Each structure stands twice: as C-alpha cells, then as structure tokens.
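Subject: Structure for you to look at

Hello,

Here is the structure I said I would pass on. Please open it beside this email; my notes follow below.

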Protein chains: 2
Amino acid sequence: MRPAVVLFSGGLDSSTCLAIAKEEGFAPHALAVRYGQRHVHELTAAGRVAAAMGAPLKIVDLDLRAIGGSALTGELPVPKDAPIGPGIPVTYVPARNTVLLALALAYAEVLGAQDLYIGVNAIDYSGYPDCRPAFVGAFEALANLATAAAVEGRARYTVHAPLLQLSKAEIIRRGAGLGVPYALTHSCYDPDPEGRACGRCDSCRLRRQGFADAGVPDPTRYA
Amino acid sequence: MRPAVVLFSGGLDSSTCLAIAKEEGFAPHALAVRYGQRHVHELTAAGRVAAAMGAPLKIVDLDLRAIGGSALTGELPVPKDAPIGPGIPVTYVPARNTVLLALALAYAEVLGAQDLYIGVNAIDYSGYPDCRPAFVGAFEALANLATAAAVEGRARYTVHAPLLQLSKAEIIRRGAGLGVPYALTHSCYDPDPEGRACGRCDSCRLRRQGFADAGVPDPTRYA
C-alpha cells in the first residue's frame, strides 16, 4: 500500500480523515504537532486513537507560543457559550494549517509519500481562512514546486481534504460507518484536569450537535 | 516604519537580506528557527548579527530531526571538497523553506506586518528547489489565502527575495556597501567546536569564492 501522511490531532475530524485515507487504499502515517496547545489531552488522545486504528504516529515539537496570537496557545481565554457567528474566532492560530501542511510535506518527502490528508472543514466552521478549498488548492500547487521529490519527478503531491464539504453530522456518520473509535477522540479546547470535555467551547458544541444531528450516540466524557 | 519579518540564520545571505529590508524602509524583525541544526554556532551568530544591526530577534524551536532526511539535521555526513554540480545536495532539508516561510507568515500576522524577506538565491546554488522564483511566487499566493489578516482585508502579503538573481559576489558587494558586519556572520555547515569555519563544505567554498570574486577581504575565521 502507498503511504500517505495524515495530519492528526486525535480529534473527531482528523480521526475520521485517517479512516478515510485507509478506506481509500493508503497506509496512513499520522503526524501530530506539539505546538504549545493549552493542554496535553489532545496529544494523549492522538496516541490512543492512532494505536487503536493501527497507524504509526509521529509527533513533532514546534513552539508556536513563541509566536503567539491565539487562544489555543494560551494568551487569550477560550470563549464559552458564545454565539458561533461569522468572523474569525480567537481560537484561530495564525497560519496554523500552512505550518502543519508544510511539516506534513516534509514528512511525506522523507517517507516517499505523495499524498497528504488534512481534516479541514468549510461547512460547520467557516471562520478559519485556512480551511477553505482555495487554500488547499494553493498549498497543493506550492508543494509541487517546493520539494526535491517533485522537481526531480519522483512525486506529484495531492492534498486530500475529504471533509471539506461535509457537515459535522455527515463526518460523524461517515466515521461511524468506518469504525472510528470516537470514544477515544478529544475535541475540547479547554478540558478539565482529567481530560473531560467542557461542553461549552465552540469545538464541544459543534461536536455535540453533530452527534445529535447524525443520530449517533455521543460517547464524549463531559465534565 | 512598517514592520517586516526577515527569515534569519546569522549567515551571509540572510544578514544581507536584513540590511536590504532596512534600506527599503522597513523595521525588520528577524526570525530564526532552532530546527535541529548540527551545531549551535548558527544561532549564536544570529544573535550577535541581529544585535549589531539593531533588529529584534525571535527564535522559534522546531524539531525537524524528528522528520529527518538531511545532512543538516544530522543523519548524513556533510560532504567536504565535493564538486558543486547539478542535482540536489544532501544538505537539502525537506520542505525547509516552506516550513520557514509558514512560520514567518504566522509571525507577520501577529506583528501586523505584510512583508516577508527570505534570502534565497537561485544563481550560485540552484540545487535547492525551494530557492527558485516559482516557489517564492507560489508561497506569496498561498499567504494571501491562508491568513485571517488577508481574508479580512487587513493585509496583502509580499514575499521579498532580493538576493534571488544575485551572484554570491554581488550579494557581498551589496552587503558591504550597506555595512553588513560579515565578520560576525556564520555560513559553515560543519564548524569546529570554537565555531571556526571548516573551509571545505559547499557553503564555505561558495562564501570564500564570493569574497574573492567581489574583491572584498574575507573576514571569516577558518579552522
């Protein structure tokens, strides 16, 4: 099976993305980045989900706190119970998906993979600019100019974003059908010390509503 | 003065690039990445050159050794006295400039800067795919899709690569005219424990030949 690099956080979307990469015939290599998240539960979840799904997991350290500018790296409080409206939320991490895809590309080149998977989604959460189709296409164009493998004709990179046009409920139905172990995944931006979800941040509310809309029992442990 | 982010290693090219950004009317913010270089001398040089040139320096940690695939992150020996020919050298770091520009973009967004400087050069060292004009243009296109600042109309990013079409001798003449403290810069891939240049790696040989061709005295400390 051909290898593919799957950007992976141990959350609902990237875990579903990994299952889709397997279904599409790839041997997925999960890549997680310890970028200064507020809590360790995200990477703990990444480890247990990747293990349960039989994918090797690589974790790269990158201290994005040095750059700052986001609630997810700790300078700003995570909003609770706030309306999810238009506009870019404070949980936006400047240029995060550009950074993550760049690291995925580096890893793909070393592995000899030509396929990158990223679980971005433009429907339920259109507030992040780097979750849009035009962004994904521009990165694919860049990848095919940026690497030795592409320039020497050994690789033609494809950036797969299979969740791009799916609602959260559609993602959950798709993943449930593929056996994604959602009970092991973690989505909350601000869990309690035991790793239980707050239920009130944007990520929790989108996830909870997604399970309800999908008609799939929600296995999340809430605080 | 408008801020600009200058990718900075303390080497000859990026130090010249910083001087050009100042000359072009920007307040340069140097950004260096501790990415698992074989030696600490590069970042030591970055600190002393940025201080001498009056620019703030931000250092971000990113462990590219976890990804591997390059002589510059330690898995392969640095070639000495080897012909500099066509083809991509083992000192190529997979997707490095994509990763570095992504971090520069993140920092620019946080600073409110719209201008990125990178000291890539397509003439003397065409072996690196991510040192070519098409790559720089593709990243600029990506930057303008990737960030909240661009999408909300607060920024229109420009990637400046002022050394792209210059020979090493032309870079040195330009920098000497701008007062770049070349005696403080470091270029060697494999210095001795005191930080003195080996004189034999590709980077040393291009640098030494550049000073000779420019007719500028070479202040480098060789081992």
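I begin with helix 7 of chain A, where A:Asp202, A:Ser203, A:Cys204, A:Arg207, A:Gly210 and A:Phe211 are buried. Buried here means that 20 or more other C-beta atoms lie within 10 Å of the residue's own; 12 or fewer makes a residue exposed, anything in between partly exposed, and C-beta atoms are placed from the backbone. Helices (H or I, at least four residues) and strands (E, at least two) are DSSP runs, numbered from the N terminus.

Before going further, note that this is a predicted model: local features need pLDDT of at least 70 and side-chain atom pairs count only at pLDDT 80 or more, while totals for chains, interfaces and linings use all residues. Residues are numbered from 1 along each chain as its sequence is written, and chains are lettered from A and ligands numbered from 1 in the order in which they are written.

Helix 7 and helix 6 of chain A

The buried residues of helix 7 of chain A pack against helix 1 (12-23) and helix 6 of chain A. Contact between two residues means that their C-beta atoms, placed from the backbone, lie within 7 Å. After helix 7 of chain A comes A:Gly215, with a positive phi near 70°.

Helix 6 (residues 168-177) and helix 7 (residues 202-214) of chain A pack at an angle of about 65°, and their axes are 8 Å apart. The axes are lines fitted to C-alpha atoms, for helices over the stretch in contact, and angles run from 0 to 180 degrees between N-to-C directions. Helix 6 and helix 7 of chain A are therefore roughly perpendicular to each other. The cut-offs are under 35 degrees for roughly parallel, over 145 for roughly antiparallel, 65 to 115 for roughly perpendicular, and oblique for the rest. On the helix 6 side of chain A, the contact is made by A:Lys168, A:Ala169, A:Ile171, A:Ile172 and A:Arg173. Helix 7 of chain A contributes residues including A:Leu206, A:Arg207, A:Gly210 and A:Phe211. By class, this contact of helix 6 with helix 7 of chain A has six nonpolar, two polar and four charged residues. Ala, Val, Leu, Ile, Met, Phe, Trp, Tyr, Cys and Pro count as nonpolar, Asp, Glu, Lys and Arg as charged, and the others, Gly among them, as polar.

Helix 1 of chain A

Ten of the twelve residues of helix 1 of chain A are buried, so this helix is largely enclosed by the rest of the structure. Among the buried ones are A:Asp13, A:Cys17 and A:Ile20. The buried residues of helix 1 of chain A pack against strand 1 (2-7), strand 2 (26-34), helix 2 (41-52), strand 4 (115-117), helix 6 and helix 7 of chain A. Helix 1 of chain A is followed by A:Gly25, whose phi is positive, near 95°.

Where chain A meets chain B

The contact takes 36 residues from each of chain A and chain B. On the side of chain A that touches chain B, strand 3 (57-61), helix 3 (96-111), helix 4 (133-146) and helix 5 (148-151) of chain A are the elements that give two or more residues. Helix 3 of chain A gives the most, with nine residues. By class, that side of chain A has 26 nonpolar, four polar and six charged residues.

How do helix 3 of chain A and helix 3 of chain B pack? The angle is about 170°, with the axes 9 Å apart. That makes helix 3 of chain A roughly antiparallel to helix 3 of chain B. The contact is made by residues including A:Thr98, A:Val99 and A:Ala102 of chain A and B:Thr98, B:Val99 and B:Ala102 of chain B. By class, this helix 3 contact has ten nonpolar, two polar and no charged residues.

Two loops

A:Ala95 has a positive phi of about 60° although it is not a glycine. A:Ala95 lies in the loop between strand 3 and helix 3 of chain A, and counts as buried with 30 C-beta neighbours inside 10 Å.

A:Arg200 is in the loop between helix 6 and helix 7 of chain A. With 19 other C-beta atoms within 10 Å, A:Arg200 is partly exposed. Leaving aside neighbours within four places in sequence, A:Arg200 is in contact with A:Lys80 and A:Asp81.

Regards
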